[in-house]
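The following explanation is intended to be read alongside the sequence and the coordinates. Please keep both in view while following the paragraphs.

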Amino acid sequence: MSEQQSSPDKEPASKAQAAQESLGNTERAEDATTPQAGPATATPGGTPEPKPSLGRLFVANLWAANTVTVTVLSLVLAIVVGAILMIISDPEVLSTYSYITARPSDALNSSWTLVSEAYANLFKGSVFDPEAFSGWLNGTNGWQAVLAPISETLTYTAPLVFTGLSVALAFRGGLFNIGGQGQATLGVVLAALAGFALPLPPGLHLLVAVLAGALGGAIWGFIPGILKARTGAHEVIITIMLNYIGTYLLTWLIVQNGVQDPNRTDAISKAVDPSAQLPRLLGDNLRVHAGILLAVLATWAVAWLLNRSTLGFELRAVGANPDAARTAGISVARTFVLIMVFAGLLSGLGGANMVLGSTASALTPLVVAQIGFDGILVALLGRLKPWGVALAALLFGALQAGGNRMQSYSGISLELVTVLQALIVIFIAAPALVKAIFQLRAARAARLQTSLAKGW
Amino acid sequence: MEPGEIHALLGENGAGKSTLMNVLYGLYQPDEGEILVDGEPLKLRGPSDAISAGIGMVHQHFMLVPVFTVTENIMLGAEQIRGGISGFLDRRRARREVVEVSERYGLRVDPDAVIEDLPVGIQQRVEIVKALTRDVDLLILDEPTAVLTPQETEELLTVMRSLKAAGKSIVFITHKLGEVKAIADRITVIRRGKTVGTASPEASRDELAALMVGRNVRLTVEKATAKPGKPVLEIAGLVVDDDRQIRAVDGIDLTVHAGEVLGVAGVQGNGQTELIEAIMGLRPTLAGSVTLDGESIDGWTTKRVLRAGVGYVPEDRSVDGLVKEFSVAENLVLDIYDRPPFAGGLALKPEAIATSAKQRIEQFDVRTSSADMPVGTLSGGNQQKVIVARELSRPLKLFIAAQPTRGVDVGSIEFIHSQVIHERDIGTAVLVVSSELDEVLGLADRVAVMYRGRIIGIVSPDTPREEIGLLMAGITPEAAAEQAGGDATSTEPPGNEDEA
């Protein structure tokens, strides 16, 4: 111990290590901020570092800063590509490009008007509408109009937080949960059934309905979990199949006696009793409801579970190295089942949000929307970290809320928002691609590094 | 380097041997200095430059595609094209080339075998053939023997000699002194990135070891005589299959007493791994019983076995021993994370984990800049110390160490060995399995030799190495005596502990 030597023989590796470390930081757990490792710690008091090349330093720093940088850059890129798509898809604007050499101002002006208005509406519909604000100051509309965009955003955000957490949690345990959609569907079904079929007092009724939703999802998660643990069946295949089963179960169930609304001929169920609905937070005119509070609570709970609980320790160990986990006495099979049950439970809560909140109050074939699949994107965008997932869900929620206004005011179809969401995730994923290429260098360096570091 | 020379590069792990060679192979750019080939300075921008300059390298971890055949792997990167039409591979020509090269140097490989079916030693041979088909004059072998059994090592040394005879130069990177002395023409010792000396193979082991680590190292383990107590681990008639459902442990009886080290010697793959996994509850037993301290542990989960006071150092630390992404602190509680003081109920207690990590890092001399570093960034020796620290820091009845010092530098070996002996001296039963005979003989109070799933003999560590070597090859003294036709007069039966 006396000779806790510095290691002068390590300097060639430390550059590589710096790169490695910063790479690692992008992916690693919540504590990604703690290891200030890099070259400084690699050679404590050792011989001075040879200067790393500028390019490498730049890259290392970019990655070290990365999560925020990359996300913002991806957003900007997506917005640019989205603008191009808008121009291409608008025949009127596109026609001005036929004489762009003669009068470029026409093309540029009409493009600018189209794009800037569209994005302005996206912003007004999701964050803040200055007209509503001045209207409130002048007394032409109430304060609700000012908060309406935020309310809409949060309404769309809540279910995505749950499904995003569901996918992220499973991912951290080494499982790819594609089944958020099916789990959410079962959540919707059980929550709605509890919501209109059980005559319970207010308060208790809501609690039971929410728990029923969670239970539905948990059951749908348990199935792939137990199959994987017992038979080794791959969770991706099982969850995809269960998505179909869930969806068709829902469409079948809606038209059954006792479920279908007796006053309707189309596929819609009875409405959830008001006593089982999540209370609205800002009065009846604004849709935001208590689901967003549950979502924040769930985020905190998942963060705690992952980082501060024994179960989270097992989950992360199994996710990172199941062999070592098994050797250390952790039951990998049990952990797989638990991961899927928790993931299902979260998606089920997301489903419950869809039918107990303000989005819908009855079962329809499309009541779940795409929250399960969007959850995968949200989880990736949030880098599989609970609070990151919550923020990603907020962004997606805002895009959806703003997209509604963009559609009705600028005539840009809502699908463009879906394209934007996809583009963002692709651009987020692209650095990972670049990184994969970069990893080739890092892998070499890592080989050097491990061989170098052995005697350290 | 001279043509037709085997130059050994000796150094402790982390001394910079591999880095130097990676620079030579173009994987890493030198910051200063230059490389001369035939008097010409050489600028290497990548491995392809190195290959065209006649430098080939066999890495410590093979660069082979497991599902490809030998021929396909060898042609990979230098695909032969049939009739000048791109896209058409000339497998036949490639195959002929493989056969030709392997015959020329006496490197027998089946060109049509699929890599993943081949034993490690043969895979390495494929790597060498691959380098040779690229017409290299200088072959770099990076720790080639780390993954080999003693037999395979012997074969490799033969191959190296024949390559040398064919005029190829070889750089042989290793930290095993015995091999260096056996094969090298010239030895360069590297320490902390600097050449500290050049020695001839006649130099004694102790001299070389001292050069390597810069101080005198005990090559033998110092220990007092064991005071064996009551039996702790009793194995009777144990039968275990391996992953392919082939009998790996075939009726073993073994007893380990408190306060003794029982060493299991044997060529790797004779059932040692399966024996230990069966004890640990990681592998189902088909017959027989395992008793710990008088209590049957058959069918126990791994967790229960660990809780009952068994410490376990698995043979492959990166696969079974550590979660590389986890911090040192987390790895130090990998099997006790859910016990007080590290957890209360469902909640982990990070402060307790950090405090204990700090203590153990100090106590076991783990060299890391912080307990929060991912354990994967540590050197092999320090990773192994993390495992040893984890397993030895709770009260044990039985300590099982499989290959406790594989791929670990001399300094760490010494430390780990002293820890094992210390554990014995406080009354723990210790079971050491190693394919390094030196290690088994150095640590053990009794040596059980395993051959084809059976214990073929239990001998004293003072037994001559040749005799143990014969046992490892499955030849018992009786059989040897029979073969010698009554000539061997005073051969002792196995199990007899006194030995001339």
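The model is predicted. In chain A, the secondary structure amounts to 17 helices and zero strands. The chain has 456 residues, of which 50% are buried. When the contacts in chain A with a separation of 6 or more are considered, 76% of them link residues 24 or more positions apart.

A pair of helices in chain A can now be examined. Two packed helices are described by the angle between their axes and the distance between the axes. For helix H6 (residues 130-138) of chain A and helix H7 (residues 143-172) of chain A, the angle is about 160 degrees and the axes are 7 Å apart. Angles over 145 degrees count as roughly antiparallel, and H6(A) and H7(A) are therefore roughly antiparallel to each other. Their crossing is left-handed. On the H6(A) side, the contact is formed by Ala132(A), Phe133(A), Gly135(A) and Trp136(A), while H7(A) contributes Trp143(A), Ala145(A), Val146(A) and Ala148(A). Classified by type, these residues comprise seven nonpolar, one polar and no charged.

The contact between domain 2 and domain 3 of chain B draws 10 residues from domain 2 and nine residues from domain 3. On the domain 2 side, helix H15 (residues 410-425) of chain B gives the most, with five residues. By class, that side of domain 2 of chain B has five nonpolar, three polar and two charged residues.

Notes. Residues numbered from 1 in each chain as written. Chains lettered and ligands numbered in written order. Predicted model: local features only at pLDDT ≥ 70, side-chain atom pairs only at ≥ 80, totals over all residues. Axes fitted to C-alpha atoms, helices over the stretch in contact; angles between N-to-C directions. Helix = DSSP H or I, 4+ residues; strand = E, 2+ residues; numbered from the N terminus. Parallel < 35°, antiparallel > 145°, perpendicular 65-115°, else oblique. Left-handed = near helix turned anticlockwise from the far one by under 90°. Contact = placed C-beta atoms within 7 Å. Nonpolar A, V, L, I, M, F, W, Y, C, P; charged D, E, K, R; others polar. Buried ≥ 20, exposed ≤ 12 C-beta atoms within 10 Å, placed from the backbone.
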